[in-house]
Amino acid sequence: MGFPCYRSACLENFLQKQRLSDLVPRLEISKLYKSFSKVNVVNGISFTIAPGQVTCLLGPSGCGKSTTLRIIAGVEKSDKGDILVDGVVVSSETVNFSPESRSVGLIFQDFALFPHLNVYDNVAFGLKQTGEYKKNRINELLERVGLKDFSFKYPHQLSGGEQQRVALIRALAPKPKIMLMDEPFSGLDDRLRDEIRDETLSVLREEGTAVLLVTHDPYEAMCMADEIALMRDGKIVQRGSPYNMYNSPSDKASAAFFSEINVIKGFSEGSLTNTPFGRFLTPGLSDGTEVEIIIRPQHLRIDFDRNGKGPNPTKNEGVAARAIVERSRFTGRESLIEFLIDSDGSYLKASVPAVFLPKVGTVLWLTMRRDRCFVFPIN
């Protein structure tokens, strides 16, 4: 009767170890610092990436994204901070594994293919194994990205998309635990970029590789990432899923990074702020605090049913504001109309997902969805 109990204990012990291993991040960055000429380029950032997760470091040029990537790869040495791969310290103030010892793959903007090697030899370059395993691994990857018949072609004989595919599978060939990608799709045209991006993401997920993608393109980050870390001045200012980053920005700059925004200014008095669209709740702010109310152009609604009539407050959209068309243009996906608000002389933009080009001087009424507004005090 004791055998089943022993078996259950062994099974539970195995499952417990499995659960614990699942809790260990594939990549862990802790309080990373790097400065050049006394300028803090990377300023105390921390984050983790789980196996199979795609995380994007997003931010403007010069914010420290690529430097962070180079430190993780082992190309740069941090001033302070720890880097762990599967719980093993690969970089600290006393430890510094070589790039080839960190089990990371690298894909850069220029693909960095060897021009004197054909496709097969480019993919084979990073593989330490020999014989049938090497041959089968290369052929498997070539077939996966549709390049099985391109083995003996050279990089100059390939299109940009084909070169990107070769760079991807060359980095994947040694089965790295982590893939680091620095603006990998910026050299491709728009039509091809979406196709290659989706294909790359599919292959990476099949391999179960943890991915750290660096980009300045919010659309690319939203398309690819499970989690976005928004960087500014060497710091991570906000982290979260693409949905939360877009719909719950931490400040005005974060909101503006993901799309064009409208800004309405006012002063909080008695926990309320007066605007051309009625009063907004601004609780927790002392009287006289200047605030900015942010709304994206697609959430500013043109009230076509009003037909020039005056304000008529509604529960969800407040008071309508009288606006005069200053400019309108069609951008292919939508129409963008710029307005002068009658009551305070401010300028706002509204987008319409159709062809709508009112003449300059046309009077229209605008409303704004309260649940799509963000209110931030001006410090």
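Trainee: How many salt bridges does the structure hold?

Mentor: There are 24 salt bridges, and keep in mind that this is a predicted model.

Trainee: Why is the pair of aspartate 79 and lysine 34 called a salt bridge?

Mentor: The cut-off is 4 Å between a side-chain nitrogen of Lys or Arg and a carboxyl oxygen of Asp or Glu. The closest N and O atoms of aspartate 79 and lysine 34 are 3.9 Å apart, so the pair falls within 4 Å and counts. Aspartate 79 sits in the loop between helix 2 and strand 4, while lysine 34 belongs to strand 1, so their contact ties together parts that are 45 residues apart in sequence.

Trainee: What makes lysine 34 buried?

Mentor: Buried means under 20% relative accessible area. Aspartate 79 has 38%, which lies between 20% and 50%, so aspartate 79 is partly exposed.

Trainee: How do you know that aspartate 86 and lysine 177 form a salt bridge?

Mentor: Their N to O distance is 3.1 Å, which is within 4 Å, so the pair qualifies. Aspartate 86 is in the loop between strand 4 and strand 5, and lysine 177 in the loop between helix 5 and strand 7, so this bridge links parts that are 91 residues apart in sequence.

How values were computed:
Residues numbered from 1 in each chain as written. Predicted model: local features only at pLDDT ≥ 70, side-chain atom pairs only at ≥ 80, totals over all residues. Heavy atoms only, no water. Helix = DSSP H or I, 4+ residues; strand = E, 2+ residues; numbered from the N terminus. Buried < 20%, exposed > 50% of the residue type's maximum accessible area, 1.4 Å probe, protein only.
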